[in-house]
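I opened my notebook to look up a helix pair and some charged contacts. Here is what I had on screen.

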Amino acid sequence: MFKSLKLTVARSPLRSSAFLRLWLGLSISYVGDQFTTIALLWFVLQLTGSGVAISLVLLCFQLPSMVTGPLLGVILDRWQPRVVMGIDNCARALLIGTIPVLSWSGMLQLWQIAVLALVAGMLSPATGVGMRVLLPHLVQEDALPRANALASTSLQFAFLVGPVLAGILVTHVGGAYALMMDAGSFLLMGLLVFSLPSVSRSGHKEAPAMKTNWLGGFALLLRIRELRLLTSLSVVFFFSYGPLEAALPLYSDRILHAGAQGYGLLWTGFGVGALVGALCTGVVATQVRPGITQPLIAILWGGFLCPLMLVHSLPLALLCLALGACSWAPYVPIEASLLQRLIEPSMQGQVFGTRLALTTAAAPLGALVGGLLLQYLAPDVVIGLSGIACVFAGVGGLLSPTIRGLDGKTKSVPS
């Protein structure tokens, strides 16, 4: 793979200075994202007291990628990924930084938050997809699973330290400062990404004209059975997870009576479990083929979520989320490594952009459904229904012979 690559690569991801810069930038940016999530959603809750309003803000952050993801994927296949990612992060630094400025001036309103979140959401696929496109250029093929696991670990570390720090900061100094810190993290990420080396694509065959439009990723997903079924499993799984995001702030406030700090602690419990699970990804990936791990992870996550219907204790709720996150953490890096081998290099940006569009839209749409359910059901019941739906998604994956047969040695399929 990438025989004509001009970059210097290292067998171990941690020995590649370019990968280390990317990993450092992701880690800092992900921590900043947790500050924004806690500060912004808690502000919306205090402003409106509505689960629907929380869901709508989440929708504004994530839904635009359903349109822009495939388009940005095409751009990433044509332009240097580091340039596209750098512009994305610098622009989002400006957008997120605008929110505290408006707050300090006394002009901040809910519709302004929605508009800024919408624009930031339109840009965000550039980094999510660009990371997947860049990684095979920075490490050797046999190091891809470990590189994807390390990239995922940066996200889990952010879940570990970000929410509790954000909860404390929001409580004592206000959400505006938390948002400004996230803006700074985006700016730093942008500078680090600009410092990455350019990638050589001289070995790639010229893609046919049909591949260079924004529908090319959709066409390949529909044509290749393995891609279609894997994407379907992820979309259903993430949609089923979505109601948790809308219900958890209300669960902390009304069921646990733990406030903003308790809400932050719940996500920290998630982060502890996810970090442990991410560190175990290499072992899981080598011992069990991905066709089994992916649906099994959905079942385990849902199974650990269901007890929250009955658990009204903060420590027990933390334990359930931690165990669920530990089982969930290997899902994304294992899937990413599988897809990087399954998709030919000239189409990776478009396919990853299309998949990101679908999977990122799934969770906020699920959150919107959760917000609507919260008008009629208690938060703990909504969380339990989310867990049950995830279990059904995993069972559906196990019933598919194509998914069960996938292994970690899958090679690129013709497009």
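**Ground rules.** I am working with a predicted model, where local features need pLDDT of at least 70, side-chain atom pairs count only at pLDDT 80 or more, and totals for chains, interfaces and linings use all residues. Residues are numbered from 1 along each chain as its sequence is written, and side-chain values use heavy atoms, leaving out hydrogens and water.

**Salt bridges.** I searched the whole structure and found 2 salt bridges (a side-chain nitrogen of Lys or Arg within 4 Å of a carboxyl oxygen of Asp or Glu).

I looked at R92 and D88, whose closest N and O atoms are 2.9 Å apart. They sit 4 residues apart in helix α4 (residues 81-104), so about one helical turn separates them. R92 has 9% relative accessibility and therefore counts as buried (under 20% relative accessible area, with a 1.4 Å probe and protein chains only). D88 is buried too, at 2%.

Next I checked R355 with E335, and their closest N and O atoms are 2.8 Å apart. This pair links distant parts of the chain, 20 residues apart: R355 is in helix α16 (residues 348-373) and E335 in helix α15 (residues 331-342). Both R355 and E335 are buried.

**Helix crossing.** I then turned to α3 (residues 65-78) and α6 (residues 125-138), whose axes come within 9 Å and cross at roughly 45 degrees. In α3, S65, T68, G69, L72 and L76 meet P125, A126, V129 and G130 of α6 (contact: heavy atoms within 4.5 Å).

Conventions:
Axes fitted to C-alpha atoms, helices over the stretch in contact; angles between N-to-C directions. Helix = DSSP H or I, 4+ residues; strand = E, 2+ residues; numbered from the N terminus. Buried < 20%, exposed > 50% of the residue type's maximum accessible area, 1.4 Å probe, protein only.
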